Structures are given as structure tokens and as C-alpha cells.
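Here's a quick tour of a protein chain for anyone new to reading structures.

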Amino acid sequence: MMAVEATAMSPSEWEVMRVVWSTRDPATPNIVKTVQQKRDWSESTIKTWLGRLVKKGLLTTKRVSHSYVYTPTIAEVPAMKQTAGELFDHLCAMKKGTVIADLVTNTELSRRDIEQLQQILAAKLPTAPESIPCNCMGEGACAHD
């Protein structure tokens, strides 16, 4: 898969990509049908989103018989990590932990997910600093202090 910018996707494009990533039949009719089961979007709207994703380099397309088949150029998990990473790059460093804690609190997680988080946190704890300095204003005073 080539390097593409998942962060360039709109929320609607994410909806379409999630279907493309999940389906065993990435042909236009199946994608349209599956998206329409989730959203009240017309076929032309869904085809517009597919076209935009191709233009952005997030999908490739190939004509097969009377339809187009779409292939993602980025896998789902790397796209999610790229987007989350960019979002977290914009947050105050000292508040990222609070945001992560809120995400964990408000996200349904499997036992496996929780065990993995516990292992990661346990491994980070011995070397974790007492506090994280604010990075909003560079060196000097910060309104968050």
C-alpha cells in the first residue's frame, strides 16, 4: 500500500471507506447497497464520495464487467492511527492524558482491549514523568498551569 493521507477524509468519506475496508465484494453495487443500509444517501452521492476517494488517492478503481471494483490504498488501522495521531498533535500535551482517559471511559472495549491497555500502562508507569509540561506557548508561562 502506498503512503496516502487518511487525514484528508471527510466524515462521509470515512463512512464509505469503512464499508470498502469491511466488504468482501468491493464492487460499486455492493458498496452502494451497504452504505444505503447505514445512511439515507442516494446512489449518486455515494458514487461522488467514491470518486473523491479515488481522486485523493485513498482508493484505486478498476472496471470489471459492468461495474467498478475499489481497492483501498491504505489499510483501516493505519488510517485510524494516522488520523488520531494528527488530531493529538494539535492538543495541549498536558491534556492528552485527560482526553485519552475520557475516550477509554466512553468507548466500548473488549476484555482483550482492556488487558492490552493495562499492560501498556503498567509498562509505561515506571518511567512516566510526574507531569507533562504544556506545549501551547513554547517556553515560559502557560494559562493551563
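Before we talk about who lines what, one term: helices are DSSP runs of H or I with at least four residues, and they are numbered from the N terminus. Keep in mind that this is a predicted model.

**The largest pocket**
- How can you find empty space in a protein at all? You roll a probe the size of a water molecule over the atoms, and that shows where space is left.
- The volume of the largest pocket comes to about 790 Å³. Its lining has 17 residues, and those closest to the centre are Met-80, Lys-81, Ala-84, Phe-88 and Leu-103.
- Helix 1 (11–22), helix 4 (76–89) and helix 5 (96–106) each put at least two residues into the lining of the largest pocket.
- Which helix gives the most to this lining? That's helix 4, with nine residues.
- Sorted by class, the lining of the largest pocket has 11 nonpolar, three polar and three charged residues.

**The second largest pocket**
- This one holds about 290 Å³ of space. Among the residues that line the second largest pocket are Ala-93, Met-94, Ile-100, Leu-117 and Ile-132.
- The class count for the second largest pocket is nine nonpolar, one polar and two charged residues.

**Helix 2 and Lys-38**
- Helix 2 covers residues 28–38, and its buried residues are Thr-28, Asn-30, Ile-31, Val-32 and Val-35.
- What do those buried residues pack against? Look for helix 1, helix 3 (43–55) and strand 2 (67–72).
- Lys-38 is also part of helix 2. Lys-38 has a relative accessible area of 41%, so it counts as partly exposed, a label for values between the 20% and 50% cut-offs.
- Leaving aside residues up to four places away in sequence, Lys-38 touches Glu-15, Arg-18 and Val-19.
- With Glu-15, there is a polar contact from side chain to side chain, at 3.1 Å from Lys-38.
- Val-19 sits 19 residues from Lys-38 along the chain, and their C-alpha atoms are separated by 9.8 Å.

**Glu-13, a charged residue in helix 1**
- Glu-13 belongs to helix 1, and Glu is one of the residues that count as charged.
- Is Glu-13 buried or exposed? Its relative accessible area is 1%, so Glu-13 is buried.
- The side chain of Glu-13 reaches the backbone nitrogen of Ser-10 at 2.8 Å.
- Not counting residues up to four places away in sequence, Glu-13 touches Ala-8, Trp-49, Arg-52, Leu-53 and Lys-56.

**Ser-65, one to check on the backbone**
- Most residues other than glycine have a negative phi.
- Ser-65 isn't glycine, yet its phi is positive, near 60°.
- Where is Ser-65? You'll find it in the loop between strand 1 (59–64) and strand 2.
- Ser-65 is exposed, because its relative accessible area is 60%, and exposed means over 50%.

How values were computed: Residues numbered from 1 in each chain as written. Predicted model: local features only at pLDDT ≥ 70, side-chain atom pairs only at ≥ 80, totals over all residues. Heavy atoms only, no water. 1 Å grid on protein atoms, 1.4 Å probe; cavity = no way out; pocket = protein on both sides within 12 Å on 5 of 7 lines; lining within 4 Å. Points joined across faces, edges and corners; volume = space filled by probe spheres on them. Buried < 20%, exposed > 50% of the residue type's maximum accessible area, 1.4 Å probe, protein only. Contact = heavy atoms within 4.5 Å. Polar contact = N/O pair within 3.5 Å; in protein donor to acceptor, adjacent residues only side chain to side chain.
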